[in-house]
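Okay, thanks for coming, everyone. Let me put the model up, and then I'll talk you through a helix and a ligand site.

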Amino acid sequence: MYKFGVIGPGAVGAVIGESLQNSDYHVTFLGRKEGKVCIERVEDPESTTFPVEAISEVETVFDYLFIAVKGTQLEGIMPHLDKLMHADTVCILCQNGYGQLGKFQLPGNTYQAVVYISGQKKGNVVMHFRDRTLILPENTVTKKLKKVIAASNLDIQLQSDYRNEVWYKLIVNVAINSVTALSRNTALILQEEKVQSLCKRLIQEGVEIAAAEGVYFQEKVLEEIMKIYAGYPSQMGTSMYYDMINGQSMEVEYIQGFLYEKSREHDLNTPCLDTVYSLLLASEMKG
Ligand code: NDP
């Protein structure tokens, strides 16, 4: 029987672990310290609790490791990875943004998933709002993973145009995360036309950077993403907004920072991105 480990029992990690555990796969939740994580859903009185083991104490060697810490927390798990893996362990990095695989010495069998799981962790309770989808590049390793976990309700989608999915999510994230974090306000701000215009310009700049990287979107993508934003409840925050108001590190390096680097590499003119990126960096500076 395959052994599955989930590093980072947060909003995304807990839901992945739950999907596997409920179908009787052998899953270990690995957190910073020993404890538990409880998953709740609106309008569902039932909640489920799973034990969490301290990553530093676990001695199991896993066949599949789902890494669901935030990009800013990757460094903290690196010293523990070796002992959790054998030569053929497959790692699935479940994070927003891009460029992490180039910055960290993650094992060769690592693939980054485009994550469509929506939730929020407070204390040791995860509120799962919707979705259980991971989009991965299509290859023999990911095909096998999909087969191995076919009995679970984790929806693994293998895409031949995976890069397109990565860039689409990056572009969706760059505008809404930037404006909500910098204004320290929720999706309510989309009611202001000037904020909508700024979002559109950020999306357009993202589309231009993607094109320079050989990933092309049709013109209607702008309207499509603005429609997604329009569907957000006004009280909804984004992960960067929550990190900002809670004084936690934001995943700026892998979203705005990644796009900024690509923009410079291709010598593009991206004034809105450059501005929001500078201000986000400035907001994290400490004396
Ligand atoms: P959370 O903060 O909910 O979860 C991260 C988890 O990792 C926490 O349980 C945290 O523990 C744990 N952790 C941190 N450092 C370590 C460590 N050194 N060892 C073990 N565990 C550790 O984050 P999310 O699940 O929201 O986000 C994960 C990724 O998924 C991010 O890249 C995010 O952008 C992306 N994403 C999130 C979505 C969402 O709706 N939440 C949607 C789509 C993508 P502790 O609580 O102790 O800090």
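So, what covers the buried residues of H10? The cover includes helices H5 (162-183), H6 (193-212), H8 (239-245) and H9 (256-265), with contact meaning heavy atoms within 4.5 Å. Helices here are DSSP runs of H or I with at least four residues, strands are E runs of at least two, and both are numbered from the N terminus.

The buried ones in H10 are Cys272, Leu273, Asp274, Val276, Tyr277 and Leu280; buried is under 20% relative accessible area, using a 1.4 Å probe and protein chains only. H10 itself runs over residues 271-283, and its 13 residues reach 18 Å from first C-alpha to last, close to the expected 18 Å, which is 1.5 Å times one less than the number of residues.

A quick word on caveats: this is a predicted model, where local features need pLDDT of at least 70, side-chain atom pairs need 80 or more, and totals for chains, interfaces and linings use all residues. Numbering starts from 1 along each chain as its sequence is written, and side-chain values use heavy atoms, leaving out hydrogens and water.

Now, the ligand. There are 25 residues around it, with Ala11, Val12, Arg32, Lys121 and Glu251 coming nearest; a residue gets in with a heavy atom within 4 Å. Strand E7 (110-122) is one of the elements supplying at least two shell residues, and E7 gives the most, with 5.

For polar contacts, meaning N or O pairs within 3.5 Å, a polar side-chain atom of Asn96 sits 3.0 Å from a ligand oxygen. A backbone N or O atom of Ile117 is 3.2 Å from a ligand oxygen.

Conventions. Polar contact = N/O pair within 3.5 Å; in protein donor to acceptor, adjacent residues only side chain to side chain. Buried < 20%, exposed > 50% of the residue type's maximum accessible area, 1.4 Å probe, protein only.
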